[in-house]
Amino acid sequence: MNSRIQFVNSWQKKNNMNIKNIYCTLIVLFFCVFKTNAQEVLTIEEAMKIALENNFEIKIAKNNSTISETNVTVGNAGILPTATANIVDNNSVTNSTQVRQDGTSTTLNNAKNNSLTYGVSLGWTVFDGMRMFARYDQLKELQKLGDSELKRTILVKIGQVNAAYYDLVQQQHQLAALDTTIVISKQRVELAQNRFTIGKASKLEVLNAQVDLNTDQVTLLRQKESYANAKILLNQYLARDPKINFKVTDVVTVDDKLVLADLMNLAQKQNPALESQIINKRIAELQLKQVKASRYPTVNLTSGYNFAESQSSLGFTSENSSRGFTYGFNASMNIFDGFNQHRNEKVAKLQIENSQIAIDQQNMILNTQLSTAFQTYLTNLELIDLEENNEAIARQNLEITLDKFRIGTITTIDFRTAQLNYVNAKVRYSNAQYEAKLSEIALKELAGNINF
């Protein structure tokens with residue numbers, strides 16, 4: 001009997017010590033998770049830098065922007081003259097017969113004839129109704145359009161990198177929470193087994209504890225899979241080997257100082273989609289100028305220096321050569337083209353009208369998106385405060401439950417409920433921070449103001 005009492009007392013001391021350690025272990029795990037893993041720590045700044053250098057879509061957009069910039073030349077607009085060098089060499093071997101007016105004739109077989117002409121010609125359109133200058137301005141606008149598309153691509157990709165990065169952060173928080181759950185569940189199984197050994201609990205309590213532990217382990221395994229897949233996705237955005245392993249920082253900092261009016265003002269100046277529509281309208285206006293240029297005459301200057309030589313085996317002249325300078329001009333003007341000029345101008349004006357409609361539509365879409373995203377942003381900021389408070393309450397509840405579980409005044413079901421409530425509160429708090437960060441990223445992307 002004395003030995004049984006000593007065993008029970010010994011178990012109770014061990015039990016008290018284990019219970020006291022549960023909460024300490026929970027806190028330590030949240031701050032020390034993964035610290036022993038020597039993986040690369042990837043910061044959000046480094047991730048954005050890598051994306052700007054490696055991302056395939058950004059590279060293509062950069063090249064397209066460079067193409068648009070390269071096309072902006074006065075020569076491409078038709079302002080400069082053109083010079084052409086040419087050479088023509090014709091040879092023939094023929095059987096020829098010539099009959100003169102006096103009735104005499106001359107016949108020659110295999111008569112050889114050749115002519116050689118070469119020279120340089122210069123052409124220059126000096127006036128075409130100002131079409132060439134409108135074309136040059138249009139090339140400049142196309143360059144701006146390419147720059148705007150590059151900016152849009154960069155904003156979208158940097159936004160994706162930010163979203164994927166902070167998704168990893170919140171999943172990392174979930175892993176820490178689930179690791180803590182495993183620790184608590186294992187100690188619960190150990191306590192239930194000890195209580196069953198001394199006859200203070202039934203086998204059912206041990207089985208329930210083991211089932212809960214198995215459930216937690218399955219959940220942790222699924223979360224690890226999701227975490228690994230999220231890493232692969234981020235590596236894809238960074239255009240690097242999907243097998244590269246790394247971890248992210250644990251901190252999610254949300255900018256809670258955004259103002260809707262300021263964002264709308266920035267969007268009017270910097271949003272690439274709206275900027276592209278405004279540029280498209282300018283391009284349409286310049287296209288109308290080019291169409292109207294057909295109403296005016298076109299004047300071209302021509303000049304050249306040519307050499308010509310010819311030899312003939314039969315005829316009055318056996319050899320001839322010439323060289324010299326040529327010059328002149330030509331002018332043309334459309335008088336009537338079946339009303340096509342009127343039709344083309346009408347179409348060009350409708351294109352301008354469509355461009356203005358597209359600007360108005362984009363403005364409405366942009367304001368709607370900003371207003372909706374900002375409301376979501378405000379809600380998520382409130383959720384951060386609420387979930388932070390819920391986490392504190394759940395932590396306090398777990399502390400009280402641990403004390404009661406230690407002295408055996410609550411059931412294992414109540415203990416499990418308190419355990420899950422705390423872990424779920426941690427996960428919801430992390431999710432609230434993540435959703436608020438996504439809202440912040442969306443607002444800054446719409447305003448064209450993501451820092452990178």
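A search of the whole structure, which is a predicted model, finds 15 salt bridges, each being a side-chain nitrogen of Lys or Arg within 4 Å of a carboxyl oxygen of Asp or Glu. Local features need pLDDT of at least 70 and side-chain atom pairs pLDDT 80 or more, while totals for chains, interfaces and linings use all residues. Residues are numbered from 1 along each chain as its sequence is written, and side-chain values use heavy atoms, without hydrogens and water.

- Side chains of opposite charge can pair when their charged atoms come close.
- D212 and R416 form a salt bridge with an N to O distance of 3.7 Å. This pair links distant parts of the chain, with D212 in helix α5 (residues 203-237) and R416 in helix α9 (residues 412-446), 204 residues apart. Helices (H or I, at least four residues) and strands (E, at least two) are DSSP runs numbered from the N terminus.
- D212 counts as buried because its relative accessibility is 17%, and R416 is buried because its relative accessible area is 9%. Buried means under 20% relative accessible area, exposed over 50%, and partly exposed in between (1.4 Å probe, protein chains only).
- R416 also forms a salt bridge with D216, where the closest N and O atoms are 2.8 Å apart. D216 in helix α5 and R416 in helix α9 are 200 residues apart, and the pair links distant parts of the chain. Both D216 and R416 are buried.
- K437 and E440 meet in a salt bridge at 3.2 Å, N to O. Both residues lie in helix α9, 3 residues apart, which is about one turn of the helix. K437 and E440 are both buried.

**Second largest pocket**

- The volume of the second largest pocket is about 190 Å³. On a 1 Å grid over the protein atoms alone, a pocket is an open set of points with protein on both sides within 12 Å along at least five of seven lines, whereas a cavity is a set of points where a 1.4 Å probe fits but cannot get out. Grid points are joined across faces, edges and corners, and a volume is the space filled by probe spheres set on the points.
- Lining residues have an atom within 4 Å of a point. For the second largest pocket they are I44, E45, M48, N162, Y166, K437, E440, I441, K444, I450 and N451.
- Helices α2 (44-54), α4 (131-197) and α9 each supply at least two residues of this lining. The largest share, 4 residues, comes from α9.
- By class, the lining has 5 nonpolar, 2 polar and 4 charged residues. Ala, Val, Leu, Ile, Met, Phe, Trp, Tyr, Cys and Pro count as nonpolar, Asp, Glu, Lys and Arg as charged, and the others, Gly among them, as polar.

**Largest cavity**

- The count comes to 1 cavity of 30 Å³ or more, and the largest cavity holds about 30 Å³ of space.
- Its lining is made by Y118, F307, A308, E309, S321, S322 and R323. The elements giving two or more residues to this lining are β5 (298-312) and β6 (319-332).
- The lining of the largest cavity divides into 3 nonpolar, 2 polar and 2 charged residues.
- R323 is found in strand β6 and is exposed because its relative accessible area is 58%. R323 and E309 are 14 residues apart in sequence and 8.7 Å apart in space, C-alpha to C-alpha.

**Nonpolar surface patch**

- W124, V126, L301 and F329 make a nonpolar surface patch of about 400 Å². Patches are made of residues with over 30% relative accessible area and no salt bridge; like charges are joined within 9 Å, and nonpolar side chains (Val, Leu, Ile, Met, Phe, Trp, Tyr) within 5 Å. Accessible areas come from the Shrake-Rupley method with a 1.4 Å probe, and for residues only the protein chains shown count as cover.
- W124 lies in strand β3 (residues 105-127) and counts as partly exposed because its relative accessibility is 39%.

**Positive phi angles**

- A239 is not a glycine, yet has a positive phi of about 55°. A239 lies in the loop between α5 and β4 (246-248) and counts as partly exposed at 22% relative accessibility.
- F339, a residue other than glycine, has a positive phi near 65°. The loop between β6 and α8 (340-407) holds F339, which counts as exposed at 60% relative accessibility.
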